[in-house]
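I am keeping short notes on what I look up in this model. Today I turn to packed helices and a pocket.

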Amino acid sequence: MPATRTLCNFVNNQAAPVSGNETLDVTAPHTGQIIAQVPLSLSDDVDVAVAAAAKAWPAWAALTVNARSAKMMALHGLLTAHTAELVDLIVSEHGKTRSEAMGDVGKGLETLAYAAGAGAVGAGQATYVSGGVLCRMDRAPLGVVASIVPFNFPFMVPFWTLPLALAMGNTCVLKPSEKVPLTMTRVAELAASVLPPGVLNLVHGSGAVAQALIDHPGVAAVTFVGSSPVAESVHARATAGGKRVLALGGAKNHLVALPDCDLEMTARDIVASFTGCAGQRCMAASVLLVVGEQPALIARVVELASALVPGSDGPLAMGPVIDATAVARIGAAVRNAAESGADILLDGHALTTQFAVRQAELGGFWVGPSVIRHHSPDDRALHEEIFGPVLSVLHCADAHEALAIENASAFGNAACVYTASGAAAEFFAQRFAAAMIGVNVGVPVPREPFSFGGCKRSRFGSSDITGDAAIEFFSTRRKITTKWSVPTDQSWMS
Ligand code: NAD
C-alpha cells in the first residue's frame, strides 16, 4: 500500500505538530482505501490553537469592517481559483459526485461573498433620541469562536460559520470532521496567504478534542453542526461554560405531494432530494406524504431512482456513503421497516443492483436507493434520521392528516409541498413546523442573504447560522449614547 500523508493541525498560518501519537484513518468511500491519517489532537494542542487565535484577535478586531471584508473578498478570489482542486479533494474524501462537490464549494463561496459585504449588512445605526443626544448602535466582536462541523459538506458547512465570524471581527478555531479533514486543511493552507497569522486555526480530532475546545476558557462562542444527540450535548456543555452557542442538529424532512402536483417535476425533485449526496444531506427528503393514492407518482419515483448508477460523473451518478457504519445503519433501517410490515418497493441493498456489483468489484461503501411504502405511521424509519438514500412513503387521506404527521415530527429542519395550487401551498407554508420550507422545491437550501437555522431537535440555541441572524450571533450590539452640548430643551438625559 502506498504511504499516506499524516495531517497536521494548522496554527498561526503554518502546519503545527500534534502532541499525541494517535491517528485515525481517512478512507476514500469509493474504494475503502486509506488516503490519509488524521491526528487526534490533545487538549495541549487546543491550548496552542486558542492561544494563537486569542493573540491575533485584538489586531483583527481593530481593523475596520471594510478591511476585514476586503480580506474575505481576496479569500473568495483565491478559493474560486482553486475550485477544481477543492472539488477533487471533496470527491476523494467524501465520495460526492463531481457536480455535488461543485455545489458544495459553490454554496460555501456564496456565504463567503455575503461576508465580504459585511460592511453593508452588518452596519450599525444612529439617531438623535432627544435634544443633542445621539444614540448609536454598533457591533462588537465576541473573541475566539470555535466551529465544529460534520462530514457531509466538507467545504460548505465550515463556510456557514467561518466567514461571517471572521468578518464581524472574531478569530476562529475550526475542528473539521475527522472523516473529511483534507478539504479544510487545504483551505487553511491557502487562506494563509490572505489572513494574518492566528486569525483562522484548525485542530484535528474527534469528539474528545471538540469537547476540549468547547470547554476552553479562551473560547467565547461555539458553533456546531452535526447530529441531534451531539448538538444537544454541545449546547448544554457550552451553555454550562457560560458561552454563546448555536448547535444545529439532524433532520427528518417531510415532503407532501398533493393530488394536483405536477407528476414529472415532483417525481424528479423527490428523487434528487432523497438520493442527492447519497441521502447524506440535512435537507434531504426522507418522508414522502402522498395525499391520496397517486400510484403513477410512486411508480415514477421508483423508476427514476432505479435508473441511478454508482459513480462520480454524469447526470445519473450517485456516490457511495461515507463509511461501513453508514452502510450497516442504512441496511438495518430498511430491514427493520420490512420486518414491521412495510413494502420495500426498491431495495438499495439487493445484491443484484449495480451498487452491489460496484461494491464487490471496488470495495468502498456503495448502497443503492431504497423506497419503502409504510402501512403504519409508527414505523421507526418514519421517525429516526437514517442519513442515507432511503425514502419512506406514507399515504394520507387528506392535507390535514399530512400536516399533522409533519407537525408531530421531533425534528424541524425542512418541509416541502408539491402542488399546483397557490392557496394549498400557502396553507402548508404557514403551518409546517420546520424552519426551511419549500413550495415545489425539494431541497430549500441556504441561500444568502436569508438565514438558515432549524427548530425543535434540529436546532439547539437561538439565532441562525447564516444570513442576517448570524451577524447577530457573531457580534454583540452596543448602544452608545453621547451628548456634546448643553441641551436647550427639556431632557431627562443628564
Ligand atoms: P456527528 O454529530 O457525528 O459529528 C459532527 C461533529 O461533531 C464532528 O466534527 C465530530 O467529530 C464532532 N463530535 C462527535 N462527538 C462529539 C461530542 N460528543 N462532543 C462534541 N463534538 C463531537 O455528525 P456527522 O455524522 O459528522 O454529520 C451528520 C449529521 O449532521 C446528520 O445528523 C445531519 O443531519 C447533521 N447535519 C445537520 C445540518 C443542519 O443544518 N442542521 C447540516 C449538516 C449536517
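Before starting, I note that axes are lines fitted to C-alpha atoms, for helices over the stretch in contact, and that angles run from 0 to 180 degrees between N-to-C directions. I also note that the model is predicted.

Entry one. I looked up α4 and α6 and found that they pack at an angle of about 10 degrees, with their axes 8 Å apart. Angles under 35 degrees count as roughly parallel, so α4 is roughly parallel to α6. On the α4 side I listed Asp104, Lys107, Gly108, Thr111, Leu112, Tyr114 and Ala115. They meet Met156, Phe159, Trp160, Pro163, Leu164 and Ala167 in α6. By class, I have 9 nonpolar, 2 polar and 2 charged residues in this contact of α4 with α6.

Entry two. I went on to α8 (residues 207-215) and α9 (residues 228-240), where the angle is about 30 degrees and the axes are 9 Å apart. That makes α8 roughly parallel to α9. I recorded the crossing of α8 past α9 as right-handed. Gln211, Ile214 and Asp215 in α8 meet Val234, Arg237 and Ala238 in α9. I wrote down 3 nonpolar, 1 polar and 2 charged residues for the contact of α8 with α9.

Which residues are the closest to the centre of the largest pocket? I first noted its volume, about 940 Å³. Of the 45 lining residues, Pro150, Phe151, Asn152, Gly226 and Ser227 are the closest to the centre. I found that α4, α6, α8, β11 and α9 each supply at least two residues of the lining. The lining of the largest pocket divides into 23 nonpolar, 12 polar and 10 charged residues.

Terms used. Residues are numbered from 1 along each chain as its sequence is written. This is a predicted model: local features need pLDDT of at least 70, side-chain atom pairs count only at pLDDT 80 or more; totals for chains, interfaces and linings use all residues. Side-chain values use heavy atoms; hydrogens and water are left out. Helices (H or I, at least four residues) and strands (E, at least two) are DSSP runs, numbered from the N terminus. Angles under 35 degrees count as roughly parallel, over 145 as roughly antiparallel, 65 to 115 as roughly perpendicular and the rest as oblique. A crossing is left-handed if the near helix is turned anticlockwise from the far one by less than a right angle, and right-handed if clockwise. Contact means heavy atoms within 4.5 Å. Ala, Val, Leu, Ile, Met, Phe, Trp, Tyr, Cys and Pro count as nonpolar, Asp, Glu, Lys and Arg as charged, and the others, Gly among them, as polar. On a 1 Å grid over the protein atoms alone, a cavity is a set of points where a 1.4 Å probe fits but cannot get out, and a pocket is an open set with protein on both sides within 12 Å along at least five of seven lines; lining residues have an atom within 4 Å of a point. Grid points are joined across faces, edges and corners, and a volume is the space filled by probe spheres set on the points.
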